[in-house]
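Please look over the chain below before reading the numbered points.

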Amino acid sequence: MRSPTSPRPKAAAQPLKETYSRARKNPFFNGLIDGPPPAFDFNVSPSRNIARSVSDIGHKQPQDTLLDVFERFSPNEKPFDRITPKEKSSSFSIKKNPFEFSPKKNFEWSENGKAESFEFTNVQTVFCSNLATEENDQQREIVSSNTSPTVEKTFHVNRRKENLSAVPLPQSAASFYNGNSPQFEISESCPSIKRLNRYLKATKDEVNTGVPGRFLHAVIAQDVPDVGSIASTIMYAFYLNETHKGDHLCTVPVINMKRSDVSSQSELKWLLASCQIDHMSIIFVDEIDLSYYDLFGSLKLVLLNGYKLPTKQEALKDAVVEIFNCGKGDSVYPWVDTVTVGEDSSCCTPIAEKFALLSPEILAGHGFSRFLLAAILLDSANLSSSNCSIKDKYMAAMLIHGAGRFGCNGLYQLLRYKMYDVTGLKVADILRKDFKKWTRVGNQDNTGSRSTVSHVGMSSIGTSIAELLDHEDSSVCEIKYFQQVEKLRLLMIVSGYYDLKKNFKREILVSAQSLELMRNLLSFFNSSASQLPLKAIPKPGLGEQMQAFEIDKIISRKTIERLLEEFGGSSKG
């Protein structure tokens with residue numbers, strides 16, 4: 001009989017059964033199903049019951065053959081030293097092309113007895129490689145496995161054309177390993193952008209047919225050719241199209257700028273290409289006659305970023321049915337019931353919030369989120385402006401996937417670099433990049449119609465006047481031709497840049513239609529010398545009707561605009 005203090009006998013040890021399962025949800029890992037057999041663990045205990053996955057079970061014939069060969073030798077022997085040539089050809093197949101492995105073929109040793117490296121092509125995720133080199137532009141075939149993939153994506157590998165070494169990109173792991181200007185960039189397919197492109201193409205096709213039997217529900221912003229206005233116009237029109245039920249409306253985004261002006265917007269061209277948005281399916285204001293639809297009462301306008309339509313579209317004010325993201329104040333269109341007051345620095349912030357509430361998965365697309373994020377970063381000065389709200393920062397954090405390899409700071413620096421990058425642009429495109437002009441309405445003629453004559457125009461550039469004149473051999477002629485095309489009596493080019501000593505410089509180049517007008521302008525500047533002190537810059541070859549000046553005072557463009565408006569109103573035609 002056992003005493004109370006004696007220890008209890010230990011229970012007999014039961015063999016433990018360990019279950020090992022490999023549940024691979026990621027489609028990248030599922031591609032290994034059709035790959036080579038996994039490495040075999042010779043030290044596995046017989047008592048272990050391992051639940052093997054499908055990838056372990058597949059291709060049993062090559063694995064058994066491989067094990068039969070290795071079982072004949074000790075661990076210190078090289079198996080290929082005692083394999084007959086017949087066994088070499090029947091048991092192994094390692095080809096020189098490292099990407100070609102077929103489970104139906106056996107291994108093969110090379111003649112020198114050294115096995116070459118290999119990798120696998122059976123990848124379940126669809127991979128499309130496009131290496132656009134200077135010598136050739138070849139499209140590799142799409143490779144996919146026999147099994148049905150859960151998620152299909154297409155990746156494009158493109159040779160980067162521009163050099164980003166001059167861009168002040170933030171420090172990151174990507175720049176540490178690949179440098180600030182890698183030679184290649186990889187872009188993935190975005191289902192959200194594909195859906196957006198289908199919508200843009202369908203609406204443009206319908207507009208080309210005249211939108212029969214439906215109202216033209218046009219979304220238009222202010223006539224400011226920046227990324228924020230264009231992105232908000234496209235995205236809000238897409239949101240309205242997704243939420244409005246019924247077939248009586250044809251919701252169309254109308255970009256309030258000419259298509260030809262896109263060539264001068266380097267940051268916009270880069271962003272559309274980076275987000276894979278089909279710019280040919282976008283409708284610009286010079287490609288549609290809104291007054292035609294207003295004449296027949298089939299126009300409904302949605303106004304963005306303001307209470308009032310631009311002067312050029314003021315005649316369409318009766319067609320306004322909604323105002324979105326306007327400032328606080330009294331509306332000039334009291335009949336509009338749907339008015340959304342904006343409290344954020346970017347119009348794309350509330351639009352992104354609406355998408356997040358409607359269908360958050362649509363924001364997971366890289367291109368879709370990048371388009372919205374770029375507008376928010378530019379409108380809020382990289383989330384540092386005084387009117388940047390908490391919602392701006394929150395939505396930017398939610399759209400971080402669209403920032404790419406260098407993060408939000410890197411995306412913002414890239415966009416800013418593109419804004420002032422004039423490489424590849426003509427002089428006319430540089431002048432049109434940031435251009436304003438003032439008009440004066442003349443007296444009525446004999447027919448009773450009023451004639452509008454353009455008087456003064458101002459272009460802002462980010463380079464010195466000397467660099468602008470040296471940009472092309474015929475820069476002076478191009479400036480005069482631009483003045484004639486825009487029908488300007490006076491063109492002023494305002495330059496703002498930093499010199500080699502990091503000092504800010506402000507210069508102007510004035511081109512007048514006549515010598516008398518140039519004299520009147522110089523007399524006006526002399527009377528305003530306290531506000532605009534000028535120092536002449538001698539530039540040979542300009543002529544008497546074109547002169548360059550350096551401003552001896554740090555002055556804003558707003559002050560120069562105000563002086564030009566005063567001169568345009570006081571000068572005689």
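1. Leaving aside its neighbours within four places in sequence, which residues is Thr-203 in contact with? They are Thr-251 and Val-252, where contact means heavy atoms within 4.5 Å. Thr-203 belongs to helix 6. Its relative accessibility is 6%, so Thr-203 counts as buried; the term means under 20% relative accessible area, against over 50% for exposed and in between for partly exposed (1.4 Å probe, protein chains only).

2. On sources: this is a predicted model, in which local features need pLDDT of at least 70 and side-chain atom pairs count only at pLDDT 80 or more, while totals for chains, interfaces and linings use all residues. Residues are numbered from 1 along each chain as its sequence is written, and side-chain values use heavy atoms, with hydrogens and water left out.

3. The chain has 573 residues, of which 42% count as buried. It contains 18 helices and 18 strands; these are DSSP runs numbered from the N terminus, with helices being H or I of at least four residues and strands E of at least two. Among contacts with a separation of 6 or more, 65% are between residues 24 or more positions apart.

4. Thr-251, named in point 1, stands in strand 8 opposite His-217. Strand 7 (residues 215–220) and strand 8 (residues 249–255) run parallel and are joined by 5 bridges. Strand 7 is also joined to strand 10 (residues 299–304) by 5 bridges, again in parallel, and here Val-219 stands opposite Val-302.

5. What is the order of the strands in the open sheet? The 6 strands follow the order 9-8-7-10-11-12, with parallel pairing; two strands pair if DSSP finds at least two bridges between them. Strand 9 (283–284) and strand 12 (338–341) are at the edges with a single partner strand each, so one side of each has no neighbour in the sheet.

6. Helix 7 packs on this sheet and touches strand 7, strand 8, strand 10 and strand 11 (320–326). The direction of helix 7 makes about 175° with that of strand 8; axes are lines fitted to C-alpha atoms, for helices over the stretch in contact, and angles run from 0 to 180 degrees between N-to-C directions. Helix 7 (residues 227–243) also forms a right-handed β-α-β unit with strand 7 and strand 8. Right-handed here means that, with the strands pointing away from the viewer, the path from the first strand over the helix to the second runs clockwise.

7. The largest nonpolar core has 59 residues. Such a core is a set of buried Ala, Val, Leu, Ile, Met, Phe, Trp, Tyr and Cys residues joined through side-chain atoms within 4.5 Å. Helix 7 gives the most to this core, with 10 residues. Tyr-236 is one of the residues with the most contacts inside the core. Not counting residues up to four places away in sequence, Tyr-236 touches Val-219, Val-302, Leu-304, Glu-322, Phe-324, Ile-351 and Lys-354. Another core, of 24 residues, lies apart and includes Cys-250, Leu-316, Val-320 and Ile-323.

8. Helix 12 (residues 390–398) has Asp-392, Met-395 and Ala-396 buried. Seen down the helix axis, the buried residues fall within an arc of 105°, so they line one face of helix 12; the arc is that of the directions from the helix axis to the C-beta atoms. Ile-390, Tyr-394 and Ala-397 are exposed on the other side of helix 12. The cover over its buried residues includes helix 10 (348–358), helix 11 (366–379) and helix 13 (407–419).

9. The loop between helix 11 and helix 12 holds Ala-381 and Asn-382. Phi is near 55° for Ala-381 and near 60° for Asn-382, both positive values in residues other than glycine. Most residues other than glycine have a negative phi. With 28% relative accessibility, Ala-381 counts as partly exposed.

10. Leu-491 is in strand 15 (residues 490–498) and, at 0% relative accessibility, counts as buried. Leu-491 and Gly-457 are 34 residues apart in sequence but 4.9 Å apart in space, C-alpha to C-alpha. Beyond its neighbours within four places in sequence, Leu-491 has contacts that include Phe-435, Ile-479, Phe-482 and Leu-509.
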